[in-house]
Structure formats: structure tokens, C-alpha cells
Amino acid sequence: YEALLYVWGSLAGNHNITCDGKLIIVTSNCFSALRHLRRRGKPRILWIDSICVDQSSASEKNHQLKLMDLVYSTARRVLMWLRNGSKNTKRIVRRM
């Protein structure tokens, strides 16, 4: 699996996705990351904390927090998504 780190932005979900046959509501930034990371025609397994961890359960979140080091260190790759770029983003990244 690949683990995704991303800026949550608003905590309120406003986009519907289907994951493992279940409808899930995600934030705009999570939705944007998923849309941009999608591989059409190729499966991709992503671990995303806001989806994989029950955010309504404090005990679940506390338990999972202790496992974060393991989750990220055993991922095949860790991806980072900040947000959609602006017109200048590509130009700025090229200069880095």
C-alpha cells in the first residue's frame, strides 16, 4: 500500500466517494488528492487516515495514533498532497 499525507483543510466532508463498495464522505482536499492520484485502469491501494480511521471514535483515533509510525514506515511509498496548485506552481517547482 501507499500512505497519503495531506492537508485536511475543512473537517466537514462534502464529496462522496465509493470505497470497497461503501459510500464515504470526504473533504474537498482529500477528494482532490484522490482525483489527481487516481490511475485509471490500474488498481491502487492507498492508506488515508481520514478514511481508514474511524474519525467519530476517540478511542479508535487514539489507538491508531500509536500505530502511525508503523503505518508510514511500512508503506511502499508515502505520498504528500498539499492542495491544488495555482498557475505558478509548476514554474516555482521547476526552479527549486
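## Conventions and model

A residue is termed buried at under 20% relative accessible area, exposed at over 50%, and partly exposed in between, with a 1.4 Å probe and protein chains only as cover. By this definition arginine 76, with a relative accessible area of 60%, is exposed.

The model is predicted, so local features need pLDDT of at least 70 and side-chain atom pairs count only at pLDDT 80 or more, whereas totals for chains, interfaces and linings use all residues. Residues are numbered from 1 along each chain as its sequence is written, and side-chain values use heavy atoms, with hydrogens and water left out.

## Overall architecture

The protein chain contains 5 helices and 5 strands. Both kinds of element are DSSP runs numbered from the N terminus: helices are H or I runs of at least four residues, and strands are E runs of at least two. Along the sequence the elements follow the pattern β-β-β-α-β-α-α-α-β-α.

Taken along the principal axes, the C-alpha atoms fill a box of roughly 45 × 30 × 30 Å. Of the 96 residues in the protein chain, 26% are buried. The accessible surface comes to about 7,400 Å², and 55% of this area belongs to carbon and sulfur atoms; such areas come from the Shrake-Rupley method with a 1.4 Å probe, and for residues only the protein chains shown count as cover. Among contacts between residues at least 6 apart in sequence, 56% join residues at least 24 apart, a contact being heavy atoms within 4.5 Å.

## Sheet and hairpin

Three strands form an open sheet in the order S4-S1-S5, with parallel pairing. Strand S4 (46-48) and strand S5 (77-81) are the edge strands, each pairing on one side only. Two strands are taken to pair if DSSP finds at least two bridges between them. On average, neighbouring strands of this sheet are turned by 30 degrees against each other, direction ignored. Strand S1 (residues 2-6) runs parallel to S5 and is joined to it by 5 bridges; leucine 5 stands opposite methionine 80 in S5.

The strands S2 and S3 pair in the antiparallel sense, also over 5 bridges. Histidine 15 stands opposite valine 26 in S3. Between the two strands of this hairpin are 2 residues, and aspartate 20 in the turn has a positive phi of about 55 degrees.

## Helix H1 and its cover

Helix H1 (residues 28-37) lies across S1, S4 and S5, and runs at about 125 degrees to S5. For such angles, axes are lines fitted to C-alpha atoms, for helices over the stretch in contact, and values run from 0 to 180 degrees between N-to-C directions.

Asn29, Cys30, Ser32, Ala33, Leu34 and Leu37 are the buried residues of H1. Their cover includes S1, S2, strand S3 (22-26), S4, helix H2 (49-52) and S5.

The structure holds 3 salt bridges, each defined as a side-chain nitrogen of Lys or Arg within 4 Å of a carboxyl oxygen of Asp or Glu. Glutamate 2 counts as buried because its relative accessibility is 1%. Arginine 44 forms a salt bridge with glutamate 2, and the closest N and O atoms are 2.6 Å apart. This pair links distant parts of the chain, 42 residues apart: arginine 44 lies in the loop between H1 and S4, and glutamate 2 in strand S1. With a relative accessible area of 23%, arginine 44 is partly exposed.

Glutamate 2 also forms a salt bridge with arginine 76, where the closest N and O atoms are 3.8 Å apart. Arginine 76 is placed in the loop between helix H4 (68-74) and S5, 74 residues from glutamate 2. In a further salt bridge, the side chains of arginine 77 and glutamate 2 meet at 2.7 Å, N to O. Arginine 77 lies in strand S5 and glutamate 2 in strand S1, so this pair ties together parts 75 residues apart in sequence. Arginine 77 is partly exposed, at 37% relative accessibility. Through shared partners, the salt bridges join Glu2, Arg44, Arg76 and Arg77 into one network.

## Nonpolar surface patch

Leu5, Val7, Val78, Met80 and Leu82 form a nonpolar patch on the surface, with about 450 Å² of accessible area together. Patches are made of residues with over 30% relative accessible area and no salt bridge; like charges are joined within 9 Å, and nonpolar side chains (Val, Leu, Ile, Met, Phe, Trp, Tyr) within 5 Å. Within this group, valine 7 sits in the loop between S1 and strand S2 (15-19), and counts as partly exposed at 42% relative accessibility.
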